[in-house]
Every structure is written in structure tokens, then in C-alpha cells.
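User: Could you zoom in on one part of this for me and talk me through how it packs? Keep it chatty, but give me the cut-offs as you go.

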Amino acid sequence: MKISIRQKFTVFMILLLIFNLFIISTLILRGIKDNQRLSYESFLKDNSKTANLLIREKFYLSKYTNFEYFYKDKAKELSIELVRVLDLDTILYDKEGNLIGSGRISNDKEDYTEMITKALDNNIVYQRIGDIIVYVAPVYDFNHQIGVLKIEYSIKKERKFYEDIVKLFIQVGIVSVIIAFLVASFYFWFFVKKIVQLKESVKSVANGDYHAVSIINTKDELGELSKGIFVMSNKIEDNIEEISVEKSKLQDALKKLQKLEKKQKEFIGNITHEFRTPITVIKAQLDLITLYDDDEEMVDRSKKVAEKELKRLDNMIGNILYLSSIEKYDFELKKEKIDSKVFLREIIERMSGKASKFGIEIIHDMTSAEIYIDKDSFIQISINLIDNAIKYNKNNGKIFIRSYIKDEKNVIEIEDTGIGIPDEHKSRIFDPFYTVDKNRAKNFSGTGLGLSLVYKLLKKQNSNIKVTDSNGGTIFQISIPLYK
């Protein structure tokens with residue numbers, strides 16, 4: 001059997017109300033009982049003290065000299081007087097527990113021997129029998145206990161008051177439950193109506209009818225949920241429309257992947273080709289050494305050629321491995337604050353010897369600039385670009401190195417007076433293994449990896465490089481953010 005949310009909420013509220021009423025009524029009724037008990041305990045204790053004072057007063061007014069004899073002799077009159085004064089049934093006992101005086105009661109119907117015995121031992125004892133509280137307390141002369149008095153107190157009024165309170169709680173509880181049921185039913189009907197409306201909106205979205213979603217205009221969670229469903233339905237509709245657009249994008253991405261695959265094949269082909277050339281040369285030289293081992297000049301020349309090709313092969317492998325590593329492991333770049341002018345001067349000094357072999361002059365104009373970059377990367381980038389400027393320059397040419405600050409960046413320009421780069425090659429010179437003049441590159445042990453390595457090192461460090469023409473050569477311009 002299906003139970004609606006409205007019924008569940010209503011039953012929960014009724015049970016919660018009943019539980020609260022039960023707890024509250026239990027605590028209040030217990031408090032009333034405790035209060036009644038403390039009240040009659042205090043009342044009877046005060047009356048026992050009053051009785052003792054009255055007996056002493058009567059002794060003072062009498063002609064008796066012995067208090068105990070007076071107490072036994074006048075017990076009947078004393079008990080009657082106590083009934084009159086206290087308005088309570090009072091009985092007096094002597095030190096042996098014998099009844100010696102009674103007020104309104106002629107004899108005891110109950111056996112109070114145990115209570116009287118305890119009271120004779122200087123104790124106050126009381127016991128509830130039906131609606132009567134039997135209170136037994138010691139009677140004293142001025143120094144010692146001379147007997148016991150027993151007071152009987154009716155608690156019918158207290159019991160009647162307690163029973164009336166219980167009935168009142170039951171009546172109030174029934175009325176509260178009925179009212180709570182009616183209010184909860186109406187209140188939860190209002191909320192269940194909204195939940196049903198939300199349910200229908202969700203069904204509409206599930207069926208693709210996004211325009212059938214309605215908004216609940218209330219400033220609560222249901223109103224927010226309704227607006228959320230409305231926004232969600234609009235977004236789903238928009239997303240479905242975008243799927244076709246994304247599909248075309250995926251097709252474009254697939255084409256790009258195919259191009260990348262083709263590029264990868266070219267890269268592997270270039271590696272194979274570039275490796276095969278020095279290996280073939282080395283093999284040929286080894287064959288010459290083997291065939292003409294008696295020709296020292298031939299052997300020496302072949303060794304030099306083989307060593308040159310081995311060095312070229314070793315450089316190529318190192319560049320390939322380094323190029324691969326910087327694409328995978330960013331943590332290998334240890335950035336720090338450096339002064340680009342200081343490092344550029346050191347690099348120029350290192351490269352000046354090679355430049356002088358070809359009669360090339362290096363001219364520099366540099367400004368101090370603090371940059372945040374991997375020191376080893378900066379050295380490798382600078383050496384690669386200056387080395388290229390030497391290799392592809394003309395004999396007795398010049399290299400201009402400029403470093404200045406522009407737009408919060410350190411701009412470094414390396415210009416040569418060499419052969420220049422044709423426009424159709426400029427877009428690919430940073431691709432691995434790409435060389436403008438392969439024959440000339442091989443004369444200088446070029447592999448087409450240097451500029452690719454420079455480009456990737458700069459990109460990893462939020463910097464960039466571009467190539468422009470000069471008045472007969474090439475300018476490589478680097479932009480590195482300043483240290484902040």
C-alpha cells in the first residue's frame with residue numbers, strides 16, 4: 001500500500017506532539033507529586049513541634065512537678081486539646097509504647113507497633129495508608145523523650161487535585177492532537193502540492209519537453225529547487241543543440257589527430273634518416289680503415305671523420321632525449337632569480353672564440369634585468385641562438401645582441417648578418433628536424449633540433465620567441481617576464 005508524503009509527515013508530526021506531551025506531562029505530574037509530598041512532610045513536622053510546645057505549655061500551667069507523671073496522667077486531656085488546636089486526629093503513647101491518650105479515635109484499627117517502636121528510638125516515621133498519612137514523632141520533656149505522638153492526616157484533597165490535573169492533561173492532549181492533525185494536514189498538503197509540481201517538471205525534462213517546466217514562486221528551498229530544474233532544463237536543451245556543434249569539433253579534432261599522426265611519422269622518419277646518415281658515414285670510414293690500415297694518412301683522416309660524425313650523433317641523441325624530457329617532466333626546471341645581463345656576458349665570452357674563427361664580431365648592448373627562469377635552460381637557449389647566428393652567418397659578418405626591458409618583460413634580440421630565412425620556412429623552423437638548408441646545416445653538424453628545443457624551453461617557462469628579418473640576416477627575439 002502506497003503512503004503519500006503528506007500522510008507520512010502528518011503522522012510524524014502527531015507522534016512527535018504526543019511524545020512531547022507525554023514527556024512534559026510526566027515531568028509536571030512528577031513535580032506535583034514531589035511538591036505535595038514535601039508540603040505534607042513540612043506540615044506534619046511543624047504540627048509535631050506545635051504539639052510538643054503545647055504539652056510543655058500545659059505542664060507549666062499545671063501544679064505538677066514531674067513532667068513524665070503529668071504526661072501520663074493528663075494524656076487524655078492533652079490529646080483532645082491537640083485535636084482541637086491542630087485539627088488532626090492525635091494519639092499519645094508512653095515510653096513503653098502503650099496508648100495513653102486518644103482524641104477523636106477511640107482505638108487503632110491498624111497495627112502501628114513497628115512505627116511506634118522506631119519513634120521510641122528518637123526517630124520520625126510516617127506511612128501512607130490509602131488516603132491517610134500516619135505520622136509518628138517523639139514527645140520530649142525538657143531534656144528527654146517521654147513518649148510518642150501519632151498524627152493522622154488525610155490527603156484526599158491532594159489526590160483529587162492530582163487526578164484533576166491528569167484529566168486536564170489528557171483533555172488538552174486530545175484537543176492538541178486533533179488541532180495539530182488538522183493544521184499539519186493543511187500545511188503539508190500545501191508543500192506536497194509543490195513537490196508534485198516539481199515531480200511533473202522532472203518528468204517533462206525526462207520526456208524531452210523542456211518548455212513544460214514551471215517555476216514555483218516561493219522564497220524557500222522548493223522555490224530554489226524549482227528554479228534550478230528550470231535552469232537545468234534550459235541548459236540541457238542548449239547542450240543538446242551544442243552536441244551537433246561539438247560533433248563537428250570532434251571531427252575537426254580527428255583531422256588534427258590525423259595530422260599529428262602524420263607529423264609523428266615524419267618525426268620518426270626524420271630521426272631514422274638523421275641517424276642513418278652519420279651511421280653510414282662512420283661505417284664507411286671503418287671500412288676504409290680496415291681496407292687501408294697501412295695508409296696512416298687515410299686512417300687518420302677516416303678517424304677524424306668518424307669522430308666528427310660520432311659527436312654529431314651524440315649531440316643529436318642528447319637533444320632528442322632532452323627535448324622529450326622537457327615535454328614530460330616540468331619539475332626538472334628549477335626556476336630562480338637571475339640577472340640576464342650577467343649570464344649573457346659570460347655566454348658571449350664563451351662563444352667569442354668560435355666566432356673569431358670565422359672573423360665574426362659580436363656587438364652587444366644590454367641592460368640589467370632580473371628574470372625568473374631555469375638558469376641552465378637560459379644558458380642553453382642563449383648558446384643555441386648565438387651558435388646558430390655564427391653557423392648561418394657570412395664570413396667576417398657581425399652578430400648584434402641587445403637586451404632591454406619593455407612591457408614588464410626582458411626582451412633579448414640576437415641578430416646576424418647571414419643568409420636569412422625565406423618566408424615560407426619561418427612558420428616551421430621551430431619544428432623538430434626541420435632545417436632551411438639541409439646541406440649547409442650538415443656542414444655545421446646541424447640536426448634541426450636546436451630551435452625546437454629553444455622554443456619548448458621558453459614555452460615551459462611562460463616565455464616566447466619569434467623570428468623577423470633584418471637588413472640582410474635574421475633576428476630572433478625572446479620575451480621573458482621580469483621577476484616579481
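Analyst: Contact here means heavy atoms within 4.5 Å. This is a predicted model, where local features need pLDDT of at least 70 and side-chain atom pairs count only at pLDDT 80 or more, while totals for chains, interfaces and linings use all residues. Residues are numbered from 1 along each chain as its sequence is written, and side-chain values use heavy atoms, leaving out hydrogens and water.

Q36 sits in helix α1 (residues 5-61), helices being DSSP runs of H or I with at least four residues and strands runs of E with at least two, numbered from the N terminus. With a relative accessible area of 15%, Q36 is buried (under 20%; exposed is over 50%, partly exposed in between, with a 1.4 Å probe and protein chains only).

Now the part to zoom in on: an open sheet of five strands, ordered β7-β9-β10-β12-β11, with mixed pairing (two strands pair if DSSP finds at least two bridges between them). β7 (361-366) and β11 (464-469) are at the edges with a single partner strand each, so one side of each has no neighbour in the sheet. On average, neighbouring strands are turned by 15° against each other, direction ignored.

Strands β9 (residues 398-406) and β10 (residues 409-416) run antiparallel and are joined by eight bridges. I399 stands opposite D416 in β10. In the loop between β9 and β10 you'll find E408, with a positive phi of about 60° although it is not a glycine. E408 counts as exposed, at 52% relative accessibility.

Next, the helices. α9 packs on the sheet, touching β9, β10, β11 and β12 (474-481), and its direction makes about 25° with that of β10. Helix α12 (residues 450-460) also packs on the sheet, touching β11 and β12, at about 135° to the direction of β11.

α9 (residues 375-391) has a helix partner too: α8 (residues 340-357) packs with it at about 40°, axes 10 Å apart. That makes α8 oblique to α9. Axes are lines fitted to C-alpha atoms, for helices over the stretch in contact, and angles run from 0 to 180 degrees between N-to-C directions; under 35 degrees is roughly parallel, over 145 roughly antiparallel, 65 to 115 roughly perpendicular, the rest oblique. Among the residues meeting here are F343, L344 and I347 in α8, and F378, I379 and I383 in α9.
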